[in-house]
Amino acid sequence: MSARTVRPRVPVRRRLRRLPLGIAAAVTVVVCLFPVYWMISTAFKPSKDIQSADPRLFPHTWTLDHFQRAVEADGFALFWRNSILVTLGAVLLALLVALGAAFAVARMRWKGRRQFMLMVFIAQMAPWESLIIPVYIISRDTNMLDRLPTLTLIYFMITLPFTIVVLRGFIATIPPELEEAAQVDGCTRTGAFWRVAVPLLAPGLMATSLFGFITAWNEFAYANFLIIKQQDNRTLPVWLSSFQNTFGTDWGATMAASTLFALPALVIFLLLQRHVTSGFAAGAVKG
């Protein structure tokens, strides 16, 4: 006879104690997601319903006219391309530089290593908005204003400290015996790192890529402050802030463009979120 495993029942008092936490979590989710829902629902509402004095929670009739106007608007495709180029360039550059820095901090022993990590943490804590004026002066003096590479470098600097900290933690969880075994088989230290450690760093690379993409994709202040004369070099958030027609702000098309703007970050999050975990390296030396 096999004994059946009986799960202990949660006492009623414990459930009651958890109820306020569940209610608070539900309220938090609703408060955070409602603006997003209102943006999406407004994008599908006819213009007369958007300006109605009696707003509806759900669209009474659905339309795709706002999306058509947003896609066909002057500059939408150009600014979309600018955002893609700047964001991907910053993320890839941050990953390459941070991977080498994190490896040096996690695997090597050198003088000033602790001080280096302290500087990285300080850079991570610093509010980047407070550096707009110094960055503007440097860009002006070096003739780097109104250029997309300038934004790429700025977004790279913004995401680099976080990327180093996260990757350093992931590398520290990978047992060095794996790389040593590869070196015994003939790999160099660098080759062992790339062939053994880097595949195990997939969760960390995905987590930092997601953070860097969302940060650079949504950034507005630097793009609005450093791209002044060359309007064609602006990114999509700046274009959205000034999306108007001859009659004023076209709220339907603005919400439709904002919905399209949010799609890449949402898609990347959905693709990567189930992989963003540090458990891949936990059992690397078992068996």
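Predicted model: local features only at pLDDT ≥ 70, side-chain atom pairs only at ≥ 80, totals over all residues.
Two salt bridges were counted. In one of them, E179 pairs with R107, and the closest N and O atoms are 2.9 Å apart. E179 belongs to helix α8, whereas R107 belongs to helix α4 (residues 76–107), so this contact ties together parts separated by 72 residues in sequence. Both E179 and R107 are buried, the cut-off for this class being under 20% relative accessible area.

A salt bridge is also formed between D141 and R140, with 3.3 Å between the closest N and O atoms. D141 has a relative accessible area of 56% and is exposed, because the exposed class begins over 50%. R140, with a relative accessibility of 45%, counts as partly exposed.

Helix α8 (residues 176–184), which contains E179, was also examined for its packing against helix α9 (residues 189–200). The axes of α8 and α9 come within 9 Å and cross at roughly 135°. The two helices are therefore oblique to each other, since only angles over 145 degrees count as roughly antiparallel and those of 65 to 115 as roughly perpendicular. The crossing of α8 past α9 is right-handed.

Terms used:
Residues numbered from 1 in each chain as written. Heavy atoms only, no water. Axes fitted to C-alpha atoms, helices over the stretch in contact; angles between N-to-C directions. Helix = DSSP H or I, 4+ residues; strand = E, 2+ residues; numbered from the N terminus. Parallel < 35°, antiparallel > 145°, perpendicular 65-115°, else oblique. Left-handed = near helix turned anticlockwise from the far one by under 90°. Salt bridge = Lys/Arg side-chain N within 4 Å of Asp/Glu carboxyl O. Buried < 20%, exposed > 50% of the residue type's maximum accessible area, 1.4 Å probe, protein only.
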